[in-house]
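Hi,

Here is the structure I promised to pass on. Please open it alongside this email; my notes follow below.

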Amino acid sequence: MEQTVEFAPATGVLSSIWLLVAIPLASAAVLLLLGRRADKWGHWLGVLSVAASFVLGLVFFANLAGLDAERRSAELNLWDFIVVGGLHVDFGLLFDPLSGVFVLLITGVGSLIHLYAVGYMEHDPGRRKFFAYFNLFVSAMLLLVLGNNYVMLYFGWEGVGLASYLLISFWYTRPSAATAGKKAFLMNRVGDAGLAIGIFLMFTELGSTQYDDVFNGAPTLAAGTVLIMGILLLLGACGKSGQFPLQAWLPDAMEGPTPVSALIHAATMVTAGVYLIARSNPIFSANTTLQLIVVSVGALTLLIGCVIGSAKDDIKRILAWSTVSQIGYMFLGVGLGGGAYALAIIHLLAHGFFKANMFLGAGSVMHGMHDQVDIRRFGGLSKHMKITWITFATGWLAIIGIPPLSGYFSKEPIIAAAFEREVAWEAWVFGLAALIGAGLTAFYMTRLFVLTFHGPARWTDDIKHPHESPPLMTIPLILLAAGSIGAGYLMSTSVADWLTPVFGEEQAEAAHGVLSHTVITILSLLVTVLGAGLAWSLFRKGTATEPQPAGVLVTAARRNLYTDSFNEAVFERPGIYLTRALVYLDNKGIDGVVNGLAAGIGGGSARLRRLQTGFVRSYALSMLSGALLVVGAFIAIQLGWLA
Amino acid sequence: MSEFPFLSVLTLLPLVGAAVVGFIPRAKAELAKMVALVWSLIVLGLSVVMWLAFTIDGDRFQFRESYAWIPSWDARFTFAADGIALVMLMLIAVLFPVVILASWNDVDQSRRSAPAYFALLLSFEFTMIGVFAAADVFLFYVFFEVMLIPMYFIIGSFGSGQKQYAAVKFFLYSLVGGLFMLASVIGLWVVGGHTFDFTNLVESTAAIDQNTARWLFLGFFVAFAIKAPFFPFHTWLPDSGGAAPAGAAALLVGVMDKVGTFGILRYCLSLFPEASRWFAPAAMVLAVIGIIYASLLAVGQNDLKRLVSYTSIAHFGFIGIGIFAFTTQAGTGAVLYMVNHGLATGLLFIVVGMFVARRGSALVSDFGGAGKLVPVLAGVFFFAGLASLALPGTAPFVSEFLVLIGTFSTHKAYAVVATLGIILAAAYVLWMIQRTTQGTLNPALTEVPAMSKDLTLREKFVVAPLIALLLVLGFYPKPVTDVINPAVQATLQDVGTTDPAPSVVADGKVGG
C-alpha cells in the first residue's frame, strides 16, 4: 500500500499563490479591453506582469523550501467551483515541489521570452494584442500546473490550447497560419476528449477529481480500470505534447511568431503532457502494462522526431521535430517510473532552457535575414551574428549531450534508465531506441548548426549585410545560454531530492541493467560524436540550395513519414464526404419525409404547396380544427362520455 | 415581500407593454423602441427582485398564486416557480432587453412598422414568462400554443429569405406537436382525477395504469421533442432560424426551444415516472444521434444562421442526455445548459445578425478575412464561438461538464460518444471563424461601406452583458447551480432514481 497523499493547507505567504495566475490574467484583460489606447506601453505591462509572477514564484519557492519535507505543500481552495450532489470540485490551487519547479520555469523562461518579444515584435502593428495573448497563455499555463484537481488542470489545459490557437493564427490573414491554428486546436481536442473521459471515470470510480482523493484511491482500483484511466490521460498528454499519434500539429504550429514557438511550442505548453503523467504518478505506477505503453509511445516518438528532423530544411520545423523527439525522451522517462520521473522533469527543465535558447536564436537569425527560414539559404553567419552564434552553440552542444552542458546530465541518465528495465528485451529495445535517437539528434542538430553558421554563404540576393539583433533580443539569449550550460549540473544534483515528496523515495539501487552504466555513458558519447562528426563532414562545405532527389527513406521523412497523408485519407476526406452526404440527406431525406408525411395527412401535395406558400387561411383552418377538437373533447367529458 | 404576486405581475407586465407599444403610431418609431426597451428593463428589475426573494432551501414551488378560471374543469390560473423555472424566467428577463436593443434598426429598412415589431417582441415575452410560470397543466398548454402566434408573425412578416415557408413550417410542426400534447392533456385530466393542478397531479398520476401512462407520456414527449427540437424532429429549426431576424432567432433557440426541454423535465418526468424510465433508453439514443448528426451538419452549412441553428440542435442533444441520465449532476447540468445555451447561442445569433446587417448576406462564402475590417466584432464573434464550443472559463463548459460526468456515471457508452461531440464542436466553430474572419480579405467586402464600421456604442451595450454573464458564470456558477440543484433532486425523487455510489465505495473498499 502506498503512503497516503495529504497536502498541507496554504499558510502565511503561501496563501497568496493565486496572485501567480491572477497577475498575468489581469494584464491580459487590461491589454484587450483598453485596445489601441494601450499600444504605446502595453508590451511593457506584459513583460512586467510575467516578471512579477516570477519574483513571486521565487518568494513562494523559498517559503516552500522552508517547510518540513513531509508537509512541503500548500493547498488553497479559492472557492467552490462545481458542487452538485456527490461531486465537489474546488477552484483550488496546489503549490508543491513539482508545481514549484514548473512555476519557475514558466515565469523565468517566460519573462526572458517576453522581453525578447518586445524587440522581435517591434514593427508589428498587433504587438499589444500579441502580449495580451502571451499573458493569457502564461496565466493559463500556471493554472494548469497549480490546480489541485483534474478539473482545474483541464481548465488550464484548454486555456493554453486557446492561447496556442490565438498565437499560431496570430497572423490570421495568412491562410496557412489560420489553418495551422485550427489544426492544432482540433488535434488537441482529440486528446482533450480522452482526458475528459478519464476525469469522468475518476469521478465514477472514486467519487472525486481532487488529486489527493484520486491518488489515495488509485491503488484500490481494479487493474483494468487503472489501465483504461491511464490510457485516457495518456491520450490527452499525447495531444498536448505532440506525441505519436497526435504529433502532426506541432510542426505546423511554427506558423506563429518565433517567440511563440519558443515559449509555447518548445519550453512550456508542450511539456504539459509530461507534467500530467508525472503528476498522476500514483496512477501510472500502479500498472506495469500502462507504463509499458507510455514507454513505447516515448521511444517511438523520439525516433520519429529524429528521422523527420534530419530531412527538413526549415530551421523552425527542424527545431519543432526536435522538440517532438525530446519530449519523447521525457515520456520515456515518466513511463519508466521510479527514479526516472525526476529524470524526465530534469530533462524537461534543461530542455526548456536550451530549446528556448535555440528558438530565440533562430528568430534572431530570421530577423537578420529578412525572415528567411531555409537553412540551405544561410551559411557563414558566425562572422556576422557573433552573439547569436555563440549562444546557439551552447544550445546545440546541450541538446546533443556534450558534457558538461545541461543536456548531458539530463538525457544520458534517461538512456541508462531505459537499459535498466527489468525485462531484458524491453531493456534492449528501449535502451537502443534512446541510444540511436541520441546519435540522430547529434546528426540533425549539427547539420542545422553548420549549415546556418558555418560554411559558405548561400544567401538570397536581397541580403548584403546580415545584422546582429538589438540588445533587447540578445540579452535574453545570453541568459538562456547560461542556463543551457549550467542548469543541468545544478538540477541533476538537487532537483531529484527536491521532488522526492511528489514521486516517493527512490528504491535502493536494485536494478541492474543489461549494460553497466559506464558502458552506456561511453556508448552514448560515442554515438553523439559519430553523429555530429558525420554531419559536420557532410555539410561543412554547404549544401545545394534546391531540393535534391532522394531515396525512399529520405522522401518519406520529408513528407513527415506520411502521417499527414494518413490523417487526410482516413479522417479528413471521409469526414468531408460524410458531412456532404448528411447535408444532402437532411435536406432531401428527413425533411422530405416530413414534408411528404404532412402532405399525406393534409390530403395531397397540392395542399402542402399551398401551406408552404403561406396562405393564412390554411393555417387558420388547422388552428380551428385543433380548437374544435379541444372543445369537442371537453364537451364529451362534461357530458360524462369519457369519465 | 413574499406576499407580492411576482409571477402573475411578471406575466402580465409585458402584455400591457405590448399593448402600449402597439398603439404608438408608426411615425414615432424611436419612441416605440425606447418604451419597449424600458419596459423590458422593468421586467428584468422585477425578476431580479424575485430571484433575491427566492429561498434556496425552501419549498420546491414558491411564489404560488391561484385564481379561478374554468371551475367545471378545475382549470385555474395557477402560477408557481421551482428553481428550474426561476432560472429560465431570469434568462428570459435578461435576453429580452438585449434582443430589443440588438434589433433597434432591424425594421428601419423595411416597409414594416417598427412599433408592431417591438410590440410583437413584448407579447412574445408575455407568452414565454407565462409558459414557464404556469403550474396548471391546462394553463401551460394554452401558453404553449399561444406562444406560436407572435413568433409566427415575427418570422413571417419581419424575416428574410424563404420567410413565409419557414413561418408556416414552424407553425405546423408546433401545431402537430401541440395536438399530440392536447390529447395527452385531456387523457391526463380523465385518468388523473379531473384536475389540472400540477402538484395534485403528481400525487394522483401514481395510480394511472402503466400502459396508459406510457401513451400519455408519449403525447407530451412528442410535443416537447418537436419543440426542443430533438433529432429527427429538427428540420423546422434551421429554416426558422435562418429566416427569422437574428434577434428573434436568438429568442427562438435561446428561450422558446427550452420550453421543450423544460416541459420534459417538469411534466414528463414528474407526472409519468415509470414511463420516463421506460422511454429513457430511446430518448438517450435520439439525443446522442442528434449531437453527432447535427454537429456534422453544422460543419457543412454555408449559411451562418442555419449553421448556428444546427449547433443548437447538437446542444439540445446534450440537454437530452442530461435529462434522461437521471443523475443529479446530469440533471443539474441539463438545466444549467438551458440557461448557458440561451446566453451563448443568443450572443452568437446576435453577432451573426450584426455581420448580416453589415454585409447584407448570411452566406459564409460572402465573407472571408473580415477580421481585418471589423476586428472588435470579429473578436466578439470568436468569443461567442468559444462559449458555444464550451471552453472552460465560459459558462457552457460547466454545464457540458456536468451533463457528461453525470451521464458517464450511469451510461458510459452514451457519454463517450457525446464527448466526441466536443471535437466536432471545435470543428464547426473554428471552421466558421476561419472562413468568415480569417484568411485573405474577400475583395467584395471592401465594396460594402458598412463592413468597415466596427462595433457601435449601441452594439457594445448589447454584447457586453452577455459576455460578462458568460464569464462570471464560467468561473463561479454556484449561485445558479444552488438554485437548480434542489429542484432537480426533487424531480429525480419523483422519477424514483438515486445517484450511483462511486465504485470504490460500492465495492466496500475505503475510498479517498
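How much of residues 82–131 of chain A is helix, and how much is strand? The model is a predicted one, and in it this span is 58% helix and 24% strand. Its end C-alpha atoms are 31 Å apart. An unreviewed UniProt entry annotates residues 82–131 of chain A as "domain: NADH-Ubiquinone oxidoreductase (complex I) chain 5 N-terminal".

Chain A carries another UniProt feature, at residues 148–436. The name there is "domain: NADH:quinone oxidoreductase/Mrp antiporter transmembrane", again from an unreviewed entry. That span is 76% helix and 0% strand. Its end C-alpha atoms lie 39 Å apart.

Now confidence. The predictor gives the complex an ipTM of 0.92 and a pTM of 0.90. Chain B has a mean pLDDT of 90. In chain B, 98% of residues reach 70 or more. Residues 508–512 of chain B stay under 50. For that stretch the model has 15 contacts beyond four places in sequence.

One helix in chain B is worth a look. Helix H6 covers residues 148–158 and is mostly covered, with eight of its 11 residues buried. Which ones are buried? They are B:Leu148, B:Pro150, B:Met151, B:Tyr152, B:Ile154, B:Ile155, B:Gly156 and B:Phe158. What do these buried residues of H6(B) pack against? The partners in chain B are helix H4 (114–133), helix H5 (137–146), helix H7 (163–191), helix H10 (236–243) and helix H11 (246–256).

Best wishes

Definitions and conventions:
Residues are numbered from 1 along each chain as its sequence is written. Chains are lettered from A and ligands numbered from 1 in the order in which they are written. This is a predicted model: local features need pLDDT of at least 70, side-chain atom pairs count only at pLDDT 80 or more; totals for chains, interfaces and linings use all residues. UniProt positions are given in the numbering used here, feature names are shortened, and annotations may be inferred rather than shown by experiment. Helices (H or I, at least four residues) and strands (E, at least two) are DSSP runs, numbered from the N terminus. pLDDT is the predictor's confidence in each residue, from 0 to 100. Two residues are in contact if their C-beta atoms, placed from the backbone, lie within 7 Å. A residue is buried if 20 or more other C-beta atoms lie within 10 Å of its own, exposed if 12 or fewer, and partly exposed in between; C-beta atoms are placed from the backbone.
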